[in-house]
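Biologist: I'd like to learn how to read a model like this one. Could we take it feature by feature?

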Amino acid sequence: MLVPGTNIGVSTITDGSFSLSGVPATATRLRFSFVGYQTVEQPITDAPLLVALPVQVFIDEEVVVTGLATSIKRSNLANSVATIGGRELVGQTRPVTLDAALQGKLAGAVISQTSGAPGGGISVQLRGPSSIIGNSEPLYIIDGVYANNEAYDNGRSSNAFNQAGTIGQQSGTTNRISDLNPDDIENVEVLKGSSAAAIYGARANAGVILITTKKGRAGQTRVSLRQDIGVTTILRKLGYENWTADKIAQVAGTVGLRGSGDVAAEQARLAEAQAAGRIYNYEDELFGNVGVLSNTNVNVSGGGERLRFFASAGRADEGAIQKKLGFVRNTARLNLSADLARNVDASFNTSYINSENKRGFNGNNNNNISVPWLLSFTPSYAELHPDAQGRYPDNPYISENPLALRDRAINKETTNRFLQSAAVNWYVLRGETSSLRLSGQGGVDFTLTNQELYLPEDLQSQKGLALPGASRYTKNQQTNYNLQGAAVYTRQVGAATFTTQAGVARISTSADLSFTQGQGTQPGLRNPQAATLQTLGQFFQSGIDIGYFVQQEVNFADRIIATAGLRADQSNRYADPNKPLYSPKASLAVNLANFDFWTYKEAVNLLKPRLAYGQTGGTIPYGAYYNATLPTAIGGALGTRSSQLLGFAGVRPERATELEAGLDAAFLNSKITLEASIYRKVVRDFLFPFALAGSTGVTQIIAYPVGDLRNQGLEIGLGFKAIDKPNFKYTEQTQSWLNRSEVTRLDVPVMAAGPGYDPYFGRNYLIEGQSPTRWFGTPLDPVTGLPTPYQESQPRHQVSFANTLTFFQNLELFFLIHVKEGGYNDVLTRQAYDIAGTTRNWSRPATAADGTTTTEGAARAFPATPDQGFLEDASYMKLREVSLYYTVPKAALGALGRGVERLRVGVSGNNLVLITPYRGGYDPEVSNFGITPVGGYQDLWNFPSARRMFFHLNFDF
């Protein structure tokens, strides 16, 4: 609270009361303000003042976190920090998971599907790769809890289930952010670069995503009920081509005939199937299911001046485009906010999540345990349906029947998770020009995930094995703890406000990962302990980080805002746990429109150039600094031996240094807004396995600093409140962004980076002066021996358009269009179809590389170079979201309106339309190798993407 035209003011205490002395006799009004609310002036009277501050709706007054214990108005912010409200996340339609709800709404991000299977599987990369072998996923913090976002490997990469190897975790697992109920979220803040995330130190190289859940407000108790009912269908089919006798001969003469291998025998099979009407569309049978979607959420909020609450419960029950699969998530939450004493307030947040995810078998698999892989080799005239006794015939064209695999194999994950946090603030001092607040915060995230894989012993792929049948149970238990204490001192000197914060944070993680696997299972038994060959494994991991931080903010009358800070982190993951890693930050913003000389306030109400700098660190691979020993048997006795992998005692975290410059502007009372940012982020001493000569007796150093990596990019956000009439409103928000990556230093010879295959198919390489995400391949340069550079896997440019139209105040139409231009995928999916002769356009005439006439399918099957057949343009335009809602006027509710404050009905959909030149797989937005920072853009028989359509019914009581 301030006396206008003076520096006389005071802060209210927690209940809103205040006492002010020294007011000049000439003063007639008082000005009340609070971050996130509109400023209000009231005349001075003898009667008690009751002041209500309306919520500020303009973007320049939004509250943004800038430190571990402070926040700031967006109009004073010196970084590009994206804020996405709960209404933007789930107010229009119902995405599968929270991270899926961010797609197309977050400038500076590349968000890819690791699988279209139920429960999602999303990779989020902010401002390019921040590591080559480490984690390029952002740090998630939920109500102050350092959250677990691991993607646990369920063992599908083990030889019992997949001989394709373990690299990149090709198991299509979910990440744990999918556990959250999006309906519980108030807003999401995204600290995209090191200049904004530096205060989080050694875990923030890939950015930070802060998630705040809903809180109760004082006043009448309110109840909200939301019910969504919908369906999901396959987004796009690959299709198939009908077989003829001539085509069988063509396939035999070009790519090779599968099945019997005999042209006459296959022609006879085709004729028999045609005569009996047994020509099948197996793509429809496997991925043509219409899944039923149901989401139910209820929340209750309210309270008094001393205690406020928000309680919710939700259930998501989602079917899938493939039978036997689905995703169920049950959640419960209770958030409390309390004024414990006159100068003490506290908050408590607790939630429980139980989910079950049935994902099936898809993706790359050399054991043929993948439904999309099997589908590609199965002709439409094959008979694979079970007989009257339920017995499935063998597939004569490949070593497994996809219908049997779908119906009888098991890939299931069950999760129980508790998220708890608490915070307390003690306002030690609240004077007219100074204040002191002590804050404490703590949280715990406990996750227990159980996974089951099962292949019956009588499946076709198992019957020929020495030990048929495989079963595996995996248990992943992880606990994250964090504690934080801080002191925040604010001092007003003239027109300047100084805010100083200092504190300490402790983060600890412990994990217990174990599995039991059996091969040679007994008939009908899924217990691996009853199998002939049993394999056990257990892995323990723990880490403790301690961070010390200090930050100074100076605000000169909302005109010049400067911030400087430093964080020092110590960790037992470092080779020297006592040696700190320092993360400095500094920023400056100048609000030109707030100066007295600015005479264009009606036309330009915000004009703010800004500059920010910051450093962050990355995590070190577990065990990278020591030499492990391996168990062995010596003379019949147990012993240990040296590993061929060496640790490096000098290993340090990868360091990201970012410089960001930007301009924020608002015109015509914020009817037009602009946010533009450019950045340069350099990752120094990125870690990579360092290969050694075999004569040394070892193969490689696990992680060695080998070079530097640079990311540069541009982000632009443009908002229009184009029409604002009583009966028609139209707003539009456009975001555009791009990133370019380059290896600027490399101390080792050129080497392949990330998962991949022979250069003939395309690979990523570390080459100085080149992007680490660029595709390379054959032929090799005869002089240098280097592979040929081809296209880039990162998109050249992305843009999204969010449009909201409101008619007669009660009817609202929303649609979000997302365009990705450029970016190439490494594709092997279509080659499998081409080799088998099952591609939709396989028989279309074409010219082979040697000039002979052939078919398109045969020409594509064996291209001369990767770019001719395996690298495909993954550009697309997607209608991400569209919705139409009608809010029923209370007067129209009649008798029902006595208890109902608001009734909102609507229809919506997401992923409804895909326009793309991509033909190599189901969806250009794909990443077979999950969260791998480099090499992930590969399409290897991934689960198809789905479109989702809903009917919504929302009640507020």
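This is a predicted model: local features need pLDDT of at least 70, side-chain atom pairs count only at pLDDT 80 or more; totals for chains, interfaces and linings use all residues.

Biologist: Let's start with a sheet. In what order do the 4 strands of the open sheet run, and is the pairing parallel or antiparallel?

Modeller: As for the general idea, strands of a sheet pair through backbone hydrogen bonds, either parallel or antiparallel. Here the order is β32-β33-β34-β35, and the pairing is antiparallel. β32 (751–753) and β35 (788–792) are the edge strands; each has a single partner, so one side of each lacks a neighbour in the sheet. On average, neighbouring strands in this sheet are turned by 55 degrees against each other, ignoring direction.

Biologist: How many bridges join β32 and β33, and which residue is the bridge partner of Met751?

Modeller: β32 and β33 (residues 763–766) share 3 bridges in the antiparallel sense. Met751 has Leu766 of β33 as its bridge partner.

Biologist: Now the core. Which residues touch the most other members of the largest nonpolar core?

Modeller: The general idea first: in soluble globular proteins, nonpolar side chains tend to be buried together. In this model the largest such core has 54 residues, and Phe287, Leu405 and Leu455 touch the most other members. Several elements each supply at least two residues, including α5 (263–276), α8 (402–408), β18 (434–455) and α11 (856–861). The largest share comes from α7, with 4 residues. There's also a second, separate core of 27 residues, with Tyr140, Ile177, Val188 and Val190 among them.

Biologist: And what does Phe287 touch, leaving out residues up to four places away in sequence?

Modeller: Phe287 touches Ile234, Ile321 and Gln322, then Val371, Pro372 and Leu375, and finally Tyr922, Phe943 and Pro944.

Biologist: How do I read a helix such as α10? How many of its residues are buried?

Modeller: A handy rule: an α-helix has 3.6 residues a turn, so residues three or four places apart point the same way. In α10, though, 7 of the 8 residues are buried, so the helix is largely enclosed by the rest of the structure. The buried ones are Thr829, Arg830, Gln831, Ala832, Tyr833, Asp834 and Ala836. They pack against α7, β38 (824–827), α11, β41 (871–873) and β44 (938–939). After α10 comes Gly837, with a positive phi near 80 degrees.

Biologist: What about rings? How many aromatic pairs are there in the whole structure?

Modeller: A search finds 19. Look at Tyr625 and Tyr626: their ring centres are 5.6 Å apart and their planes sit at 85 degrees, so this pair is edge-to-face. Tyr625 is partly exposed at 28% relative accessibility, and Tyr626 is partly exposed at 36%. Elsewhere, ring pairs join Trp243, Tyr381 and Tyr397 into a cluster.

Biologist: Which charged end sits over the ring of Trp243?

Modeller: That of Lys247, 4.3 Å from the ring centre. Another case is Arg526, whose charged end sits over the ring of Tyr454, 6.0 Å from its centre.

Conventions. Residues are numbered from 1 along each chain as its sequence is written. Side-chain values use heavy atoms; hydrogens and water are left out. A nonpolar core is a set of buried Ala, Val, Leu, Ile, Met, Phe, Trp, Tyr and Cys residues joined through side-chain atoms within 4.5 Å. Buried means under 20% relative accessible area, exposed over 50%, partly exposed in between (1.4 Å probe, protein chains only). Contact means heavy atoms within 4.5 Å. Rings of Phe, Tyr and Trp (its six-membered ring) pair if their centres lie within 6.5 Å; planes under 30 degrees apart count as stacked, over 60 as edge-to-face and the rest as tilted. A charge sits over a ring if NZ of Lys or CZ of Arg is within 6 Å of the ring centre and within 35 degrees of the ring normal. Two strands pair if DSSP finds at least two bridges between them. Axes are lines fitted to C-alpha atoms, for helices over the stretch in contact, and angles run from 0 to 180 degrees between N-to-C directions.
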